[in-house]
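Q: I've got a model open and I'd like to learn how to read it feature by feature. Could we start with charged pairs?

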Amino acid sequence: MRALAFLVGAVVLVSCRQFPQPAPSNDLARRGRDIFRDDTFGNEKFWTDTARLHEVIEHGIQPLEALGLGLKVDMDRLNLAKFAVHNPFAVNGTKELLRENAVVGLRAEFEGNHIKRIGITCALCHSTVDNALLPGIGHRIDGAPNTDLQVGKILAMLPVFSDAQKAVLRSWPKGTYDPRFNFDGKSTPLVLPPAHGLADVKNETYTAEGPISYWNAYVAVTQMHGQGTFSDPRIGVNVVQQPDLVTPKLEALRVYQHSLPRLAAPGASYDHGAARRGKALFDASCARCHTEGTLTDNNAGTLHAPSETGMDSTYAARTSQKQYRTTPLRGLWQHAPYFHDGSAKTLGDVVSHYDRVLNLQLTRRQRKDLEQYLMSL
């Protein structure tokens, strides 16, 4: 009881949000928020009947293991007293979190004490929490990628995959996912991108195959396994499922995502004087591609060959464009690693990469200043 009282007291103390998000300003955005957070698009059929995710959870995923896999708990949906009496260190604790709809990105239906159906939502990969209560438990932050999520390891627990596929899935670093793996069997996992700060960005994908609604539809239908329609002859994908539970929701989903501002860097997290000097360097050396305002020249239709910027071409070769867009720079302080493949572990690595590839000949201090400017974005 003392432990429970301590936790209840802790919840009260951390009730203020470190990163407040604006409330949706209209009904369409509110609907989009509900879709982003809680709509499975009918994918329970796959995750329950085919993938048997509910059985994996029932057979032994305890709350601490779930947190270790990078799953997040929304403390604003958490009834701490009910959670505590359901043995928070056993599978029953995990099921209570699901019953309260407190696990970010997972939705479960129960029959007695057993999970009857389970599905996933957009928030699984594209929301995180601020760790206000404990690591992995806090206030939800929509649009920020879950850089701790071990998607590959979670998928490798499912009986739907072969042993060979499971070996590949286990190799994926945390915070990454390959959105082509289920089509061609190849593996070049991508860093989960932020879904905030997109209002003025035309194309969301790393290879600029389409705007955000294109990507939402592609992921909802072909990766989340929702019931809907997606077709793109450029990549040989044509999925038609009726009734379509995805397409009618794309407008509201886009409106909500466009309402999410970039996650601003805390003022104490970078050197402001160095960042000011770094901006001058950025404007002189980087703004040709990271154009002012959107920080991407892709809004003007520009794409870059992998060799142009020293990028690995493997993933681009699997896409329709065979090139990469210039990534809009937003909330960089929050979502290391960097580049589409996570090959730059820090912003210092990003600066060093372009210093070498573009022959910028920066001094050590200039590299540090540029790094601090990137931290401020």
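Predicted model: local features only at pLDDT ≥ 70, side-chain atom pairs only at ≥ 80, totals over all residues.

Q: Take D142: which residue does it form a salt bridge with, and how far apart are the closest N and O atoms?

A: The partner of D142 is R37, and the closest N and O atoms are 2.7 Å apart. D142 sits in strand β6 (residues 140–142) and R37 in helix α2 (residues 27–38), so this pair ties together parts that are 105 residues apart in sequence.

Q: Is D142 buried or exposed?

A: D142 is buried: its relative accessible area is 1%. The cut-off to keep in mind is that buried means under 20% relative accessible area.

Q: What about D39, which side chain does it meet in a salt bridge?

A: D39 meets K249, at 2.9 Å from N to O. D39 lies in the loop between α2 and α3 (44–50), while K249 lies in the loop between β10 (237–239) and α13 (250–259), so the pair ties together parts 210 residues apart in sequence. D39 is buried, with a relative accessible area of 17%. K249 also counts as buried, at 17% relative accessibility.

Q: And K72, what does its side chain pair with?

A: K72 and D148 meet in a salt bridge at 2.7 Å, N to O. K72 counts as buried at 5% relative accessibility, whereas D148, at 31%, counts as partly exposed.

Q: Which residues are linked in a network of salt bridges?

A: D38, R77 and R107 are linked that way.

Q: Let's move on to helix packing. How should I describe two helices that sit against each other?

A: Two packed helices are described by the angle between their axes and the distance between the axes. For a case here, look at helix α16 (residues 347–357) and helix α17 (residues 364–376): their axes come within 9 Å and cross at roughly 125°.

Q: Which residues of α16 and α17 make the contact?

A: On the α16 side you have L347, G348, V351, S352 and D355, and on the α17 side R367, L370, E371, L374 and M375. By type, the residues of this contact divide into five nonpolar, two polar and three charged. For reading such a list, here's the general idea: an α-helix has 3.6 residues a turn, so residues three or four places apart point the same way.

Q: Last topic, the backbone. What should I look for there?

A: Most residues other than glycine have a negative phi, and most peptide bonds are trans. N101, which follows α7, has a positive phi near 60°. R52 has a positive phi near 60° as well; R52 is placed in the loop between α3 and α4 and counts as partly exposed at 27% relative accessibility. Phi of N87 is also positive, near 55°. N87 lies in the loop between α6 and α7 and is partly exposed, with a relative accessible area of 41%.

Q: And where are P243 and P337, the prolines in cis peptide bonds?

A: P243 is in the loop between β10 and α13, and the bond from Q242 to P243 has omega near -5°. P337 is in the loop between α15 (306–309) and α16; the cis bond joining A336 and P337 has omega of about 5°.

Terms used
Residues numbered from 1 in each chain as written. Heavy atoms only, no water. Axes fitted to C-alpha atoms, helices over the stretch in contact; angles between N-to-C directions. Helix = DSSP H or I, 4+ residues; strand = E, 2+ residues; numbered from the N terminus. Contact = heavy atoms within 4.5 Å. Nonpolar A, V, L, I, M, F, W, Y, C, P; charged D, E, K, R; others polar. Salt bridge = Lys/Arg side-chain N within 4 Å of Asp/Glu carboxyl O. Buried < 20%, exposed > 50% of the residue type's maximum accessible area, 1.4 Å probe, protein only.
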